[in-house]
Amino acid sequence: MRKPFVAGNWKMNTDSHSSVELAKRIATDSCEVAGHRVTVAVCPPFVYLQTVAKTLSASSIGVGAQDIYYESKGAFTGEVSAAMLKDIGCTYVLCGHSERRHVIGETDELINKKVAAAISGGLLPILCVGELLSERKTLQTEEVVKRQRKKGLAGWSEEKVSAVTIAYEPVWAIGTGLTATPQQAQEVQALIRKLLEQMYDGKLSQEIRILYGGSVKPDNAAELMAQEDVDGLLVGGASLNADDFLAIIRAAV
Ligand code: 13P
């Protein structure tokens, strides 16, 4: 039985005041909404991670970074290491989010190094995969997701891979209001689980949580969560509104 996992990706939003206010609201109300039946995390921008982590320190809500660099320290201007993220109270880190792949230009190889750095630095990576609309239209979804998952986790033993959560986020559904249907999400997520089964033992592939992300809202969260291989939700826009995010957590119970 996989425990549901709802994570909010705040992207490049909020400020020093609103990030703390949002975190406080979620901390106060999420326990009432879900108790400990759902794993909940938020991923604020780097500059607010520490204050949000402090705000949430007495709660069960985890804090994640939206990115990481793979070197541990040194002359890498602008970058942030796993040790730094651990130091300020992060538990999770997003790796290979589609905006980093397609806006910033990150490759599968770079993302693999980031997943590796996260795992060896004691963080829990959330590896994001997903196809572009053009790739879906040309029936390449399976190939793209296979490649991203395989390269993202290349070189990692079963023991290490058990730290990973996978998020399926079809690029055409992110921030567009176009959610994948529950069937589309289930189809790809069942495929991801099958791929995990082929690479690792059956037990591990049954344990790894696979989240869906892309225009998740309070009114579509429950039907997405009802799918067998949808173990949680990675929420962008709706995670910036405490009421919406709490409603999504409620739908995941
Ligand atoms: P939206 O929920 O705004 O579509 O964003 C999804 C996402 O990219 C979460 O990582």
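I looked up how helix 1 (residues 16-34) and helix 2 (residues 46-55) pack in this predicted model. Their axes come within 9 Å and cross at roughly 30 degrees. The axes are lines fitted to C-alpha atoms over the stretch in contact, with angles from 0 to 180 degrees between N-to-C directions. Helix 1 is therefore roughly parallel to helix 2, a label for angles under 35 degrees. I noted the crossing as right-handed, meaning that the near helix is turned clockwise from the far one by less than a right angle. Helices here are DSSP runs of H or I with at least four residues, and strands are runs of E with at least two.

I then listed the residues in contact (heavy atoms within 4.5 Å). Ser-16, Ser-19, Val-20, Ala-23 and Lys-24 of helix 1 meet Tyr-48, Thr-51, Val-52 and Thr-55 of helix 2. By class, I recorded four nonpolar, four polar and one charged residues.

Next I looked up Glu-131, which lies in the loop between strand 5 (124-129) and helix 6 (133-137). Glu-131 counts as buried because its relative accessibility is 0%, and the limit is under 20% relative accessible area with a 1.4 Å probe.

Residues are numbered from 1 along each chain. Local features need pLDDT of at least 70, side-chain atom pairs need 80 or more, and side-chain values use heavy atoms, without hydrogens and water.

Technical notes:
Parallel < 35°, antiparallel > 145°, perpendicular 65-115°, else oblique. Nonpolar A, V, L, I, M, F, W, Y, C, P; charged D, E, K, R; others polar. Buried < 20%, exposed > 50% of the residue type's maximum accessible area, 1.4 Å probe, protein only.
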